[in-house]
Amino acid sequence: MVAVEIFSSSVQYKYKSKICSLSFFVVLFFVILSVLTPFFIIYNAGGFSLKNRVYAEKPDVSFNYKYLLLVNRDYNVNPIVCSTFRTYKDNEIEDNCILIKVREVDTNNDGKKDILKFEAHFYTDRPMKSIKLLLFFNFRLKQLFEATIESIALWTCVLNEKIQKVQFSGDLILQQRGLLTSEGLYEIYNHSIEMADYSVEELLMQNFNRKFAAKIHNEYTKEQTDNLNKSTAIIQGELIYREHLIYYQPSYWEELKWAWIQYLSCFLALIYITKHILIFLFANRYLNCYIIMPWKNK
């Protein structure tokens, strides 16, 4: 009957030497080198700590049913104003729109809104020169950080001819400026934005300077020409709520989770190399020692 190898094990030799001998200090040097070298390797490769990380999240987006529509016409004519706000710097706001339609759509039935459809109808006997629309949204982050952020999405359009109907579409994203930390984010951004004490420019500048600000991306505008004296002007918009990347500063425990993996991977490789170097030195008698063989008595 043919015999086959089913298991194998290596013979273990023990090498002994005095504490004050050269062999002892050489082994001690290699052990210390194996322990400390991973720190130098990882430090020069970027360090243990993660300066920032990124993950993708689609926040729960909801329209606050607050808006401000400004349609500028001739310079000597007051603009058309449509808004849910009643006062603007202690002045009453007259709503000039005859019809406003707002609808949020959940296209994939996952419980999150995916699309906002906005439509405004108003009368005008003068051609429109420019349009400015402010839409107020709530963004809720909950994957790694619990935060509710209210922000303003701005859409503008300049018209060069008599336009009866304007349609626009785009992606609504939450633009980030700076790293996200969990310290006080909820308290900083979870408050209602009102127009009682700010002008439109001040409100937009305040919104722009935030760490998070809503932005309409991949914008597309379509204009339709018609006779303004026979029908109302219409502005239609469709915004798609998109997933976006969140950049954040990792916590101490998250950094520690990756730090020990980096260290251990380098340490095991160096231990393997050090072991074979010492075996070579002792086996070839470059270092003096007493060799204890397993099949001989001490």
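Student: Hi! Are W155 and F168 buried or exposed?
Tutor: Both W155 and F168 are buried in this predicted model.

Student: And how are the rings of W155 and F168 arranged?
Tutor: The ring centres of W155 and F168 are 4.0 Å apart and the planes meet at 15°, so the pair counts as stacked.

Student: Where in the chain do W155 and F168 come from?
Tutor: W155 is in strand β10 and F168 is in strand β11, 13 residues apart, and the pair is one that links distant parts of the chain.

Student: OK, tell me about β11. How many of its residues are buried?
Tutor: Nine of the twelve residues in β11 are buried, so the strand, which runs over residues 165–176, is mostly covered.

Student: Which strands does β11 pair with?
Tutor: One partner is β12, residues 212–224, which pairs with β11 in the antiparallel sense over eleven bridges. Another is β13, residues 233–241, where the pairing is parallel and runs over eight bridges.

Student: Is E150 buried or exposed?
Tutor: E150 has a relative accessible area of 6%, and buried means under 20%, so E150 is buried.

Student: Which side chains does the side chain of E150 have polar contacts with?
Tutor: One is that of N64, with a polar contact of 2.8 Å to the side chain of E150. Another is that of K66, where the contact with E150 is 3.1 Å.

Student: New topic: how many aromatic pairs are there?
Tutor: The count comes to 13 aromatic pairs. Among them is F85 with F136, an edge-to-face pair with 5.3 Å from centre to centre and 65° between the planes.

Student: Where do F85 and F136 sit?
Tutor: F85 is in the loop between β4 (80–83) and β5 (87–88), while F136 is in strand β9, residues 130–141. The two are 51 residues apart, and their pair links distant parts of the chain.

Student: Buried or exposed, those two?
Tutor: F85 and F136 are both buried.

Student: Which residues form an aromatic cluster?
Tutor: F63, Y65, F137, F139 and Y241 form one aromatic cluster.

Student: Let's zoom out. How many helices and strands does the chain have?
Tutor: The chain has four helices and 15 strands.

Student: What does UniProt say about transmembrane regions?
Tutor: The unreviewed UniProt entry carries the annotation "transmembrane region" for residues 21–43 and 260–283.

Student: What do those stretches look like in the model?
Tutor: Residues 21–43 are 96% helix and 0% strand, with the end C-alpha atoms 34 Å apart. Residues 260–283 are 100% helix and 0% strand, and there the end C-alpha atoms are 34 Å apart.

How values were computed: Residues are numbered from 1 along each chain as its sequence is written. This is a predicted model: local features need pLDDT of at least 70, side-chain atom pairs count only at pLDDT 80 or more; totals for chains, interfaces and linings use all residues. Side-chain values use heavy atoms; hydrogens and water are left out. Buried means under 20% relative accessible area, exposed over 50%, partly exposed in between (1.4 Å probe, protein chains only). A polar contact is a pair of N or O atoms within 3.5 Å; within protein, one must be able to donate a hydrogen and the other to accept it, and residues adjacent in sequence count only if both atoms are side-chain atoms. Two strands pair if DSSP finds at least two bridges between them. UniProt positions are given in the numbering used here, feature names are shortened, and annotations may be inferred rather than shown by experiment. Rings of Phe, Tyr and Trp (its six-membered ring) pair if their centres lie within 6.5 Å; planes under 30 degrees apart count as stacked, over 60 as edge-to-face and the rest as tilted.
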